[in-house]
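Student: I am new to this structure. Please take me through one part of it closely, the aromatic rings.

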Amino acid sequence: MSVVQVQDAVGTPGRFARHTWADAARLPADRVLGGLAYGVADDDVSLPDWLAPVPAAALLSDDRAHADVWPAAGRVREGRTGSIRWRHDGQHLFGAVEFEEDGRGLEVLAHRAYRDLFSTLADTGYAHLMRLWNYLPRINEDGGGLERYRQFNAGRQQAFIDAGQAAFEGAPAACALGFHGEGLLLRFMAGRTVPVAIENPRQVPAWRYPADYGPRAPTFSRAAVVRTASDAAHLFVSGTASIVGHATVHEGDLDAQIDETLRNLEAVFAESRRSGVAFSLADSEPVVYVRHPAQAAAVRHRLAQALGPQSRFMRQAVYLHADICRSDLLVEIETHLHASGLPGVTATDGSVAEERA
């Protein structure tokens, strides 16, 4: 395979490229920083070492197993700091960790995982978190007097504070989903430049949630814009659901929750365009988490009605079975997009990133 063919297959450095598992497995490891493999529901799946599984079953019978791959911008180095496995390319770092529960509680485990994560950033020089993915089992269950997600939030926030990281305003983009397995799994991207944190004017920032949602608030911003070149940027949008202010709305109504989630996503995209890049929701590549598998087809139908069946959003969407961080939420959507230049220029996927506020 020629250098040009390899570059075409891997994708452009500084952005995720969505592949099938089969295509991702054939990519040369020295040209890839890292990535996420979707639809990994058991331990028997064989993946390249640089590809971290997302432990949630893929939904919809015609859905292929996909992976988001971040091409390397230079020579790839890899190593381990404590429990964290990492790879970096001189510009960005991708890391992953899996912890088994040891009976001390999820707060202790989350603090330990994030302590090792921040040690990795300090040791490697990639000081700025761009995006975090958190997966924990039984997320909505009681963990001994406190919901497990709230236990996780307490350990996570304390680790941010201990490390001198932005635990409140300026926190990184993130998601936290419940999966049907064991242990705590973290995946993360970090870089050398400070991301621009984005909030949603329709929602209270998560780090300002009242004590009704636990003794420690969740530590994340609604999205982050990361400059990857002088004329390009990547948008990471955190897990987004049917929340207005700080309250869940449309409890039990799937269609209304999807519609509200899309309104929140559009609000985040409108805020992100203030960074000077023409980001568009319809041109992004989402992961859609569905609490009840039987509702996956209805979710896809409603999204297609809203965004158009031929939009990049619909053509690239991945649907996974997961529990959402609140038991009354039925669906959550995260997404990302790479775009170049100022508003109105052509995005790197070939589509025009139009204003759709």
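Tutor: Five residues make up one aromatic cluster: Tyr-114, Phe-118, Tyr-149, Phe-152 and Phe-160. The model is a predicted one. Across the whole structure, a search finds 10 aromatic pairs.

Start with Phe-118 and Phe-160. Their ring centres lie 4.9 Å apart. The planes meet at 85°, over the 60 degrees needed, so the pair is edge-to-face. This pair links distant parts of the chain. Phe-118 sits in helix α3 (residues 106–124), while Phe-160 belongs to helix α4 (residues 148–162). The two are 42 residues apart.

Phe-118 has 7%, so it counts as buried. Phe-160 is at 0%, so it is buried as well.

Now turn to Tyr-149 and Phe-152. They form an aromatic pair too, but this one is stacked. The centres are 6.5 Å apart, with 20° between the planes. Both residues lie in helix α4. Three residues separate them, about one turn of the helix. Tyr-149 has a relative accessible area of 9%, so it is buried. Phe-152, at 0%, is buried.

Both pairs belong to the one cluster, along with Tyr-114.

One more ring deserves a look. Arg-192 lies over the face of Tyr-126. The distance to the ring centre is 4.1 Å.

Note on methods. Residues are numbered from 1 along each chain as its sequence is written. This is a predicted model: local features need pLDDT of at least 70, side-chain atom pairs count only at pLDDT 80 or more; totals for chains, interfaces and linings use all residues. Side-chain values use heavy atoms; hydrogens and water are left out. Rings of Phe, Tyr and Trp (its six-membered ring) pair if their centres lie within 6.5 Å; planes under 30 degrees apart count as stacked, over 60 as edge-to-face and the rest as tilted. Helices (H or I, at least four residues) and strands (E, at least two) are DSSP runs, numbered from the N terminus. Buried means under 20% relative accessible area, exposed over 50%, partly exposed in between (1.4 Å probe, protein chains only). A charge sits over a ring if NZ of Lys or CZ of Arg is within 6 Å of the ring centre and within 35 degrees of the ring normal.
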